[in-house]
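Subject: Structure handover

Hi,

Here is the structure I promised to pass on to you. Have a look at it first, and then read on for my notes.

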Amino acid sequence: MKLSDARVVIEGLIFASERPLTAQELAEVVELDPSTVESVVEKIREHYAQGALLIRNVGGGYQIVTKPELSTWIEKLGRQVVSAPLTAASTETLAIIAYQEPVTRAEIEQIRGVRSDSAINSLLDTELICEVGRKAGPGRPILYGVTEKFYIHFGLTSANELPLAGISEWK
Amino acid sequence: MGYVIELEVYQGPFDLLLDLIAQNEVDIWDIPIATITEQYLEYLYSLQEKDLAITGEFLVMAATLIRIKSRLLLPQEAVEDEGEEELEDPRTQLVEQLLRYKFFKEVSVFLEERYKEASKCFARGQRAASYDLTPIYIVPVGDTTLRELGELYHQLMTELEKEPPVHLVTGRISLQERLALVRLQLMGQPRARFSDLVRDSSAREIVVTFLAILELVHLGEIALVQRESLGEIDIEPLELEVEVQR
């Protein structure tokens with residue numbers, strides 16, 4: 001595919017997809033290598049500078065979304081910004097899972113110092129975390145990890161984007 | 001889901017301790033354990049005064065603090081055995097736990113920020129479906145309205161207020177007997193209500209009656225109609241050819 005066509009096609013693909021598309025996935029469709037796809041996406045981004053949209057990199061994939069400064073207008077449209085009830089307990093638990101995954105409930109509770117089953121359950125219900133397997137050893141406890149939805153909701157590219165400051169103090 | 005009541009703003013004993021340490025502006029590596037323990041216990045007493053239950057974790061931490069405090073009070077004998085073994089500060093383990101918790105607490109603040117930011121960007125058509133973070137069980141029993149729940153509650157309560165019938169004879173209730181009885185009660189009726197069948201019955205009788213009507217459904221003698229969940233069960237006898245069968 002010609003590079004000039006690729007820009008339009010890739011933009012169309014990202015727009016049409018229901019979930020974020022990775023450079024790899026795009027590369028397979030347009031038959032270019034992933035690094036080329038990445039540079040094409042950068043081109044689209046430049047192109048978007050003046051417009052209403054931006055390409056967000058979440059969970060390792062690209063997603064077209066409206067710019068944050070439009071949120072007040074979009075809310076007027078009746079599409080409320082969902083600042084869903086993530087409780088402090090849920091967010092703490094989520095933070096631990098994001099760093100320590102795969103992690104068991106007992107390990108989470110050891111860090112938080114309190115029982116965490118209801119926080120874990122509500123995170124499972126909202127699909128921000130999921131069961132990723134079972135730990136070898138007595139009881140074969142369930143291991144939890146974060147989901148793609150977690151990265152989308154928090155606008156994170158990957159776990160590398162989580163802050164590292166202070167981590168050495170206890171690790 | 002149950003209601004989550006957070007004690008003041010503290011997520012747990014670690015949270016409370018960190019706050020006390022911050023309030024006292026002390027170095028986390030050199031916690032004045034006596035002061036902190038005292039304040040920690042004060043907080044627990046204040047909870048008790050408000051008649052709030054103190055969860056086990058807070059009590060365990062109280063015990064830990066007191067243990068550390070007492071260990072610090074004991075004269076530290078130079079440990080002869082194993083030479084190089086250094087005298088460990090009894091606070092160290094706790095501090096490490098606190099720091100670890102503190103780290104994740106800070107991350108959760110970061111995540112909250114990101115969450116707020118990210119939710120300002122709208123993906124095409126996605127909001128309704130995958131951005132909906134409302135758990136599905138917000139509506140516990142289908143379309144049951146608050147009003148209906150209220151009525152059910154009222155019904156239950158009136159049932160409970162009735163004097164329980166006194167049973168002097170406790171005999172065995174056979175399914176066969178009950179079957180016959182239910183058939184008798186249904187005879188010539190267009191329909192009957194389950195609650196009428198079991199009026200003034202003991203729990204055991206209710207169970208057997210219920211089994212009996214299930215059996216009758218199985219035999220094709222009756223149909224059961226329940227219009228809303230947990231509502232009245234209506235029993236409707238079907239065509240009478242069955243009488244010949246048994």
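Leaving aside neighbours within four places in sequence, which residues is Ile129(A) in contact with? Keep in mind as you look that this is a predicted model. Ile129(A) touches Leu94(A) and Ile97(A), then Leu123(A) and Leu124(A), and also Tyr144(A), Gly145(A), Val146(A), Thr147(A) and Phe150(A).

As general background, nonpolar side chains tend to be buried together in soluble globular proteins.

Now for the helix packing in chain A. Helix 5 (residues 88-100) and helix 7 (residues 117-125) of chain A pack with their axes 9 Å apart, at an angle of about 80°. Helix 5 of chain A is therefore roughly perpendicular to helix 7 of chain A. On the helix 5 side, Ala89(A), Ser90(A), Thr93(A) and Leu94(A) take part, and they meet Ala119(A), Ile120(A), Ser122(A) and Leu123(A) of helix 7 of chain A. One backbone detail to check in your viewer: the peptide bond joining Glu101(A) and Pro102(A) is cis, with omega about -5°. Pro102(A) sits in the loop between helix 5 and strand 4 (103-104) of chain A.

Chain A also has an open sheet of three strands in the order 1-3-2, with antiparallel pairing. Strand 1 and strand 2 of chain A are at the edges with a single partner strand each, so one side of each has no neighbour in the sheet. Strand 3 (residues 61-66) of chain A is mostly covered, with five of its six residues buried. Two bridges join strand 3 of chain A to strand 1 (residues 21-22) of chain A, where Thr22(A) stands opposite Gly61(A). Six bridges join strand 3 of chain A to strand 2 (residues 53-58) of chain A, and there Arg56(A) faces Gln63(A). Strand 2 and strand 3 of chain A form a hairpin with two residues between them, and Gly59(A) in the turn has a positive phi of about 55°. Helix 1 (residues 3-16) of chain A lies across strand 1, strand 2 and strand 3 of chain A, at about 75° to strand 3 of chain A.

On to chain B, which has ten helices and three strands. Along the sequence the pattern is α-α-α-α-α-α-α-β-α-α-β-β-α. Of the 246 residues in chain B, 18% are buried. Counting contacts in chain B between residues at least 6 apart in sequence, 55% join residues at least 24 apart.

The three strands of chain B form an open sheet with the order 1-3-2 and antiparallel pairing. Its edge strands are strand 1 (192-193) and strand 2 (222-226) of chain B, each pairing on one side only. Strand 1 of chain B is joined to strand 3 (residues 233-237) of chain B by two bridges, and Arg193(B) stands opposite Asp234(B) in strand 3. Helix 9 (residues 203-218) of chain B lies across strand 2 and strand 3 of chain B, at about 120° to strand 2 of chain B.

Among the chain B helices, the axes of helix 1 (residues 13-24) and helix 4 come within 10 Å and cross at roughly 95°. That makes helix 1 of chain B roughly perpendicular to helix 4 of chain B. Phe14(B), Leu17(B) and Leu18(B) of helix 1 make this contact with Gln97(B), Leu98(B), Tyr101(B) and Lys102(B) of helix 4 of chain B.

Is helix 6 (residues 146-161) of chain B buried or in the open? The number of buried residues among its 16 is zero, so helix 6 of chain B lies largely in the open. At 1.5 Å a residue, helix 6 of chain B should span 22 Å, and its end C-alpha atoms are 22 Å apart, which agrees.

Finally, two phi values. Glu25(B), in the loop between helix 1 and helix 2 (33-49) of chain B, has a positive phi near 50° without being a glycine. Glu25(B) is exposed, with 6 other C-beta atoms within 10 Å. Asp200(B), also not a glycine, has a positive phi of about 60° and counts as exposed, with 9 C-beta neighbours inside 10 Å.

Best wishes

Terms used: Residues numbered from 1 in each chain as written. Chains lettered and ligands numbered in written order. Predicted model: local features only at pLDDT ≥ 70, side-chain atom pairs only at ≥ 80, totals over all residues. Pairing = 2+ DSSP bridges. Helix = DSSP H or I, 4+ residues; strand = E, 2+ residues; numbered from the N terminus. Contact = placed C-beta atoms within 7 Å. Axes fitted to C-alpha atoms, helices over the stretch in contact; angles between N-to-C directions. Buried ≥ 20, exposed ≤ 12 C-beta atoms within 10 Å, placed from the backbone. Expected span 1.5 Å × (residues − 1). Parallel < 35°, antiparallel > 145°, perpendicular 65-115°, else oblique.
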